[in-house]
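This report covers the helices, the sheet, the chain contacts and the domains of one model. Please read it beside the sequence and the coordinates.

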There are 2 protein chains.
Amino acid sequence: MFSDRHKVLSDSIRRLIRRNAVSHLRKIVNKTHAADLSIVFPSLTMSSQLKIFGMIKDIEKKGTLFSELDQDTFAELIEGIDLDEVVEVLEEMATDDVADLIGRLPEEKANAILEKMKKEGSERIEGLLRYDDETAGGIMVPDFIALKEEMTAGDAITSIQQDFAEVEMPFYLYVVNEYGKLVGVISLRQLVVVSPETPLKEFMSTDVFSVTTDMDQEEVARIVARYDILAVPVVDNMNKLVGIVTVDDVIDILREEATEDILRMAGAGGEFVETKSVFKSTKIRLPWLFASCLGGIAAVFIVGHFEQSLKQYAYLAAFIPVIMGMGGNIGTQSSTIVVRGLATGVIHVREIWRVVYKELSVGLILGVFYGILIGAVAQLRYSMAAIAISVGLAVLCSMSVAALVGSLVPMLFARIRVDPAVATGPFVTTSIDIVSVFAYFEISTLLLAL
Amino acid sequence: MFSDRHKVLSDSIRRLIRRNAVSHLRKIVNKTHAADLSIVFPSLTMSSQLKIFGMIKDIEKKGTLFSELDQDTFAELIEGIDLDEVVEVLEEMATDDVADLIGRLPEEKANAILEKMKKEGSERIEGLLRYDDETAGGIMVPDFIALKEEMTAGDAITSIQQDFAEVEMPFYLYVVNEYGKLVGVISLRQLVVVSPETPLKEFMSTDVFSVTTDMDQEEVARIVARYDILAVPVVDNMNKLVGIVTVDDVIDILREEATEDILRMAGAGGEFVETKSVFKSTKIRLPWLFASCLGGIAAVFIVGHFEQSLKQYAYLAAFIPVIMGMGGNIGTQSSTIVVRGLATGVIHVREIWRVVYKELSVGLILGVFYGILIGAVAQLRYSMAAIAISVGLAVLCSMSVAALVGSLVPMLFARIRVDPAVATGPFVTTSIDIVSVFAYFEISTLLLAL
């Protein structure tokens with residue numbers, strides 16, 4: 001189990017620091033993966049963090065630790081490390097990771113680091129920093145292999161060994177024309193199989209996917225996931241190859257986006273913030289509850305409006321919870337299905353009427369079913385047909401409106417390019433509550449007056 | 001945009017079939033990626049599907065199409081294709097994908113296919129079918145490169161070219177001892193850099209992650225995501241290397257699991273079923289609504305119990321919606337944070353008291369805030385201190401209980417190893433509704449009697 005392992009690791013590190021068991025500590029630190037260290041770090045004091053950081057022998061491991069740490073921990077940690085050493089570590093890291101880290105630092109610190117870095121490296125990083133964080137440009141790495149289409153297979157092999165020795169994992173070899181435009185792709189295997197004098201353009205595959213620098217990262221991730229590829233090339237608006245987005249970054253994006261959607265739908269903020277502070281969490285959750293509070297206050301006035309009916313038939317109140325509950329729940333089902341369907345590509349924005357029609361049908365069928373069921377309970381409990389019929393009709397009305405609103409609102413939001421996950425929370429639940437309560441009292445006042 | 005592209009593709013395929021424009025159709029079919037064809041397929045008639053399938057020239061593309069199609073479409077399609085051709089396509093596919101497809105077919109059909117397949121291939125597939133679908137064993141591929149630790153780098157290179165030519169993407173080269181046990185890992189790059197007579201065990205990395213065949217696929221996916229690796233080796237209970245799980249499968253698993261969690265939390269089934277049938281959707285969503293219906297009926301009896309208070313102070317009813325709404329919404333926030341936190345590893349099962357304590361604190365703070373706010377509204381509207389105080393206290397009580405139940409229930413479910421996403425739906429919402437309403441009427445009856 002992950003959790004147990006990290007608990008054990010954190011405990012033993014703290015124990016060893018207390019006992020000042022330097023050599024033992026050094027051994028553990030260097031045996032542990034940086035990703036695991038990064039989980040343990042926030043639970044240690046700053047001086048312990050610095051001590052452990054100093055013990056890491058492998059400079060690349062220091063880099064991995066940097067990029068795995070959460071933003072706050074990283075920013076605090078590097079305040080305690082000599083700037084020269086920070087730069088030394090950053091220079092060993094992949095450019096996109098460095099750009100990511102620097103992009104999140106206060107501007108002053110970021111500039112100090114960029115100034116210290118070697119010119120070539122800092123230019124590449126500044127190049128990446130130009131792009132929006134959440135686009136293909138912001139997440140791409142400039143480390144890829146691009147070969148000229150006129151080159152022979154034999155020359156290509158030599159070039160890979162000589163010119164591109166620093167490219168970590170050459171997933172694909174991209175082929176460009178004389179203007180640097182992406183024209184094809186070949187695999188390492190193909191290169192070895194053909195005879196050495198064959199020019200690349202004769203056996204390259206011209207059917208190559210690419211994305212543009214300004215494409216949203218979520219869309220990039222979906223393309224990589226859909227076509228089961230390990231990396232996708234990124235081109236600028238002249239179709240010039242400028243970078244690649246690799247599958248490991250795609251995994252992180254897909255997880256983040258799913259988490260964002262889930263939390264937004266529940267009105268609990270967009271991302272997991274450091275879970276330690278009660279105050280911070282309260283602040284994030286307060287606004288959405290405020291929307292629901294306003295809806296609730298509106299309901300106070302609506303129900304208050306029917307005070308006469310309530311005075312006469314007090315048990316009308318007894319059905320408010322079940323009517324609200326049934327509407328709220330089916331509305332959540334509909335909006336969840338639509339939001340997740342849109343996110344995974346199962347549902348398309350264009351299908352708005354098909355989707356809404358289907359949800360409305362489900363809402364009507366379930367509304368009739370539960371309307372009859374709950375109406376029957378009302379009849380058994382109070383033996384008054386007008387009440388039973390009002391309750392049944394109110395359930396039917398509430399559930400079908402809920403299914404309609406729950407599917408229509410996120411579809412409309414998606415169409416005007418607003419994140420549909422944000423919509424489901426406040427809008428849908430609050431409006432369903434108000435409609436349900438209003439419909440119920442209108443129907444019952446009408447029927448009871450007959 | 002994806003959606004638009006598929007709509008256009010589907011429309012033009014149907015138009016070309018109607019016009020019987022064979023050569024044009026053939027061109028489009030062979031230019032389109034199998035993943036895109038698979039999305040369009042369900043919208044076509046069976047005869048069109050068969051016609052298009054017959055036009056695909058590349059047998060590997062036929063295989064990709066097979067594995068990308070949804071289960072029902074695939075099962076129907078192969079009924080129309082000659083068994084020999086099906087087998088021919090399957091034999092070109094990766095073993096894990098074949099096992100996956102065959103595992104979902106009716107037994108009779110599966111056996112017929114396995115019998116027709118070449119002995120070696122069918123044995124490997126039957127080997128994979130032994131493992132549970134959702135474990136490392138069920139998702140691994142047996143296509144990996146394993147080299148003996150005594151081998152030299154030079155011999156290793158020859159061996160890779162000769163013995164492992166069919167391995168598609170050699171991400172990592174695994175090193176095993178004389179008993180086939182996994183002892184290390186090297187990269188293709190390292191192999192080229194060292195001098196040819198160096199034995200592998202002298203430069204291999206012994207720090208190799210592995211998972212066992214029975215590990216849950218979700219945990220495997222989390223390991224691959226956490227350590228940013230492209231493949232993880234799978235060992236049996238003797239630590240013998242039997243397969244690898246690759247990153248493309250991991251992406252699919254992470255997306256599926258996120259979807260499952262989201263839908264389960266909303267009580268809308270576990271996975272996206274084919275979205276065409278209203279009846280099917282209704283059937284999936286009915287049961288959870290039933291749980292909420294039972295809760296609502298319980299509320300009928302609870303509120304009914306306080307008929308006397310309601311007759312006297314009809315406006316008590318006006319606050320039911322806001323009290324239920326505030327409790328329900330903060331409960332959803334808490335349970336969503338906990339469920340997603342557990343799924344992504346931000347929250348650990350062991351931290352039950354820390355997490356619940358924190359949620360309860362947030363619930364209390366927000367409860368005091370909104371209790372005062374809504375109480376003040378009540379005072380302004382009805383100018384009766386007893387009502388205002390009851391409403392305020394009921395909001396406080398409802399919100400803190402909701403935060404407590406919303407976090408405690410999923411944590412407890414996770415501890416007894418039941419999917420916490422299932423818990424959040426029915427249990428949490430229904431119990432919060434009942435507690436809220438009951439607390440409200442108890443408090444107000446008490447205060448109004450004073």
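Is α21(A) largely enclosed by the rest of the structure or largely exposed, and how many of its residues are buried?

## Basis

This is a predicted model, in which local features need pLDDT of at least 70, side-chain atom pairs count only at pLDDT 80 or more, and totals for chains, interfaces and linings use all residues. Residues are numbered from 1 along each chain as its sequence is written, while chains are lettered from A and ligands numbered from 1 in the order in which they are written.

## Helix α21 of chain A

Of the 31 residues of α21(A), 25 are buried, so the helix is largely enclosed by the rest of the structure. Here a residue is buried if 20 or more other C-beta atoms lie within 10 Å of its own, exposed if 12 or fewer, and partly exposed in between, with C-beta atoms placed from the backbone. Helices (H or I, at least four residues) and strands (E, at least two) are DSSP runs, numbered from the N terminus.

Helix α21(A) covers residues 385–415, and its end C-alpha atoms are 45 Å apart, which agrees with the 45 Å that its 31 residues should span at 1.5 Å a residue. The expected span is 1.5 Å times one less than the number of residues. After α21(A) comes Arg417(A), with a positive phi near 65°.

## Sheet β4-β5-β6 of chain A

Chain A has an open sheet of 3 strands in the order β4-β5-β6, with mixed pairing. Strands pair if DSSP finds at least two bridges between them. Because β4 (211–212) and β6 (241–246) of chain A each have a single partner strand, they stand at the edges, and one side of each is left without a neighbour in the sheet. β4(A) pairs with β5(A), residues 231–235, in the parallel sense over 2 bridges. Thr212(A) stands opposite Val235(A) in β5(A).

## Contact between chains A and B

In chain A, 81 residues are in contact with 81 residues of chain B; contact means that C-beta atoms, placed from the backbone, lie within 7 Å. Helices that each supply at least two residues of this side of chain A include α1 (2–18), α19 (320–344) and α22 (420–449). The largest share, 16 residues, comes from α19(A).

## Domains

The assignment for chain A, which is automatic or from a database, gives domain 1 (2–131), domain 2 (145–253) and domain 3 (278–449). The C-alpha centres of domain 1 and domain 3 of chain A lie 49 Å apart.

Terms used:
Two residues are in contact if their C-beta atoms, placed from the backbone, lie within 7 Å.
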